[in-house]
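Here is a short report on a model with its sequence and coordinates. Please keep the structure open while reading.

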Amino acid sequence: MTLGRRRTIFGYALLAPAIVFVGVLIAYPLVLSLQLSVTPGRFASLRSSEGGFSFEHYVTVLGSPETWASLLRTGIYVAGTVIPAFAIGLAVALLLREAFPGRRWLRTAILLPWAVPGVAASAVFLWMFDASFGVVNQILFHLGLISTPIAWYSSADTAMFGVIVPTAWKLFPFFAMILLAALQTIPQDLYEAARVDGAGRYQQFAHVTWPGVRGAAFTALIIASLGVYREFDFIFPLTRGGPNNATTTMAIAIYQEAFQFSNLGFAAALGIVSIAIAAVFVLIAGRDLRKV
Amino acid sequence: MSVSVRGRKASVSAVRVVVSLLIALAAIFPIYWMLITAIRPSSQLLSPQLALFPDGSATLEGFIGLFTQNPALTWLANSTLITLGSTVLSTVISVFAGYSLSRFGGRGQQVMGLTLLMSRMLPGSLLVIPLYVVFLNLGLVNNLFALVIINTAFIVPFTTWMLKAFFDGIPREIEEAAFVDGAGLFRTLWTIILPLSGPGIAAAVTYAAVLAWADFLFARTLLTNQAVWPVTQGIASFMGDYRTAWNEIMALGVVSIVPMILLFLATERFLVSSLTAGAVKG
């Protein structure tokens with residue numbers, strides 16, 4: 001056997017375990033979900049082989065106002081989380097790029113939330129935002145900003161805010177890490193050249209810093225948005241999608257339909273629709289990414 | 001003039017330090033609050049008074065209640081088994097796959113990139129439906145092994161990509177020299193490449209462990225028996241359960257984040273560079 005051939009076989013052999021795992025545990029369930037979504041009946045099941053074929057679940061999903069309401073809530077949850085998390089992450093990266101005493105400790109402290117499990121973060125925020133004994137209401141009361149306690153998670157007006165805060169808290173270090181490293185790739189000469197040309201701080205940011213991190217920033221924004229889009233670990237333990245569906249995003253709706261209402265066909269169709277929406281988002285964002 | 005420039009510079013860096021401190025405070029506060037609540041006696045928990053600092057009444061009552069009245073040790077052990085299993089398995093698989101894509105990659109690379117993006121688009125709450133049915137038929141519901149392989153499958157696309165980017169940074173000449181000396185393909189990977197890959201592997205291990213330890217969706221769906229729950233499912237079961245005092249819930253929160261924080265402290269310096277290498281190129 002030639003070396004070239006041996007190399008090819010070796011290359012595929014190394015790749016094989018990854019393909020098997022992803023194929024069996026991600027691609028195959030995806031195919032089963034597709035199958036489920038076109039199996040007619042209220043109690044469509046993977047075990048009934050007679051099945052049949054129908055788009056009725058898609059008709060129900062697309063015709064239901066709740067689908068579009070949950071899509072809108074998902075959009076609010078994603079934008080409400082990702083935009084502030086990105087802004088804070090960028091600020092952190094810019095603040096920490098230059099050396100000052102204690103920077104290493106500050107950096108570690110700031111990045112720490114990334115390592116905290118979503119459910120643990122949810123638990124402490126549920127306690128901090130507790131209506132009667134939570135520290136957030138106590139501080140607001142102490143500062144004279146409120147006179148009656150706010151029932152953060154049991155009021156439909158504030159519940160979305162209440163799930164966004166812990167999600168953004170865990171997410172912003174991700175942006176900070178990506179942007180910190182991207183900043184390190186910008187050559188110092190560029191700043192010196194800009195200063196020689198008389199550029200101020202904002203011009204330096206606009207013409208040197210931002211172009212240097214733009215690619216990494218957009219990739220991170222897309223990856224993070226997709227992550228928040230399907231996020232489960234904050235909303236489910238905090239509100240189960242309530243009160244009155246106020247925090248039911250598509251990811252939560254899929255789970256509730258399947259595991260609470262045993263509406264598997266509908267849940268699968270809703271899931272496939274949500275993937276299609278994410279794909280459209282990625283295509284549009286990818287196109288804009290090349291333009292910017 | 002030089003004095004005023006230096007003065008402005010000093011004030012700018014003072015602003016920098018103050019703003020950094022404020023953000024660090026916001027980042028740390030929930031973790032601090034978890035700890036403070038965990039060591040507060042239950043008699044002081046349900047008080048409308050603002051008390052930002054612990055006083056002399058600090059107690060281990062919350063931890064004692066947590067471990068004596070709940071199977072918290074079992075939950076921690078289950079989380080540890082799931083995390084160790086998924087981390088070892090996913091790291092081995094993605095070292096192989098990342099190396100393959102870096103050195104032997106043709107079309108495989110594009111497929112892997114697409115898979116990474118795809119796996120990010122797929123809602124776990126959708127895939128867990130057929131996974132539940134399949135594992136039920138296989139008799140693997142309430143089995144920790146099921147969690148190990150599911151977590152591995154969802155970790156592998158990302159860590160493979162991270163490691164591929166890391167291996168791309170190792171010059172090929174190093175391997176070619178080894179080939180000339182007659183070393184085989186696998187031997188080259190094992191004795192030449194791996195010893196150079198510490199930082200990349202450390203980052204991949206951290207990422208894998210953080211994900212596996214944090215998993216709640218798959219655990220909640222596939223582990224219905226309390227004896228096999230991981231710590232995340234334990235915490236979620238406490239939330240909204242009025243029989244459990246907040247100092248016990250926060251004590252479980254504290255013990256659930258300590259291992260991840262220690263891991264993070266040990267590998268943080270590798271994370272920034274490795275995470276980015278993948279993201280920038282991805």
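**The chains**

This is a predicted model. Chain A has twelve helices and zero strands. Chain B also lacks strands, with 13 helices and zero strands.

Taken along the principal axes, the C-alpha atoms of chain A fill a box of roughly 80 × 75 × 35 Å.

Chain B is divided into two domains: domain 1 spans 2-38 and domain 2 spans 70-281. Where these domains meet, domain 1 of chain B supplies five residues and domain 2 of chain B supplies seven residues. On the domain 1 side of that contact, four residues are nonpolar, one is polar and none is charged.

**Where the chains meet**

How many residues of chain B are in contact with chain A? The count is 79 residues of chain B, against 81 residues of chain A. Helix H13 of chain B, residues 246-281, gives the most to the chain B side, with 18 residues. By class, that side of chain B has 56 nonpolar, 20 polar and three charged residues.

**The nonpolar core**

In soluble globular proteins, nonpolar side chains tend to be buried together. The largest nonpolar core here holds 168 residues. Which of its members touch the most others? They are A:Val124, A:Phe175, A:Ala176 and A:Leu179. Helix H7 of chain A, residues 159-184, gives the most to this core, with 17 residues. Domain 1 (2-38) and domain 2 (70-281) of chain B both give residues to the core, so the core lies between them.

Leaving aside residues up to four places away in sequence, A:Val124 touches B:Pro30, B:Trp33, B:Met34, B:Met250 and B:Gly253.

Is helix H5 of chain A enclosed or in the open? Eleven of the eleven residues of this helix (residues 118-128) are buried, so helix H5 is largely enclosed by the rest of the structure. A residue counts as buried here if 20 or more other C-beta atoms lie within 10 Å of its own. The buried residues of H5(A) include A:Val124, A:Gly118, A:Ser122, A:Phe125 and A:Trp127. They also include A:Val119, A:Leu126 and A:Met128.

Of its eight residues (residues 173-180), the number buried is zero, so helix H8 of chain B lies largely in the open. Just after H8(B), B:Gly182 takes a positive phi of about 90°.

**In brief**

Chain A has twelve helices and chain B has 13. The two chains are in contact through 79 residues of chain B and 81 residues of chain A. A:Val124 sits among the buried residues of H5(A), and is one of the core members that touch the most others.

Definitions and conventions:
Residues numbered from 1 in each chain as written. Chains lettered and ligands numbered in written order. Predicted model: local features only at pLDDT ≥ 70, side-chain atom pairs only at ≥ 80, totals over all residues. Buried ≥ 20, exposed ≤ 12 C-beta atoms within 10 Å, placed from the backbone. Helix = DSSP H or I, 4+ residues; strand = E, 2+ residues; numbered from the N terminus. Core = buried A, V, L, I, M, F, W, Y, C linked by C-beta atoms within 7 Å. Domains from an automatic or database assignment. Nonpolar A, V, L, I, M, F, W, Y, C, P; charged D, E, K, R; others polar.
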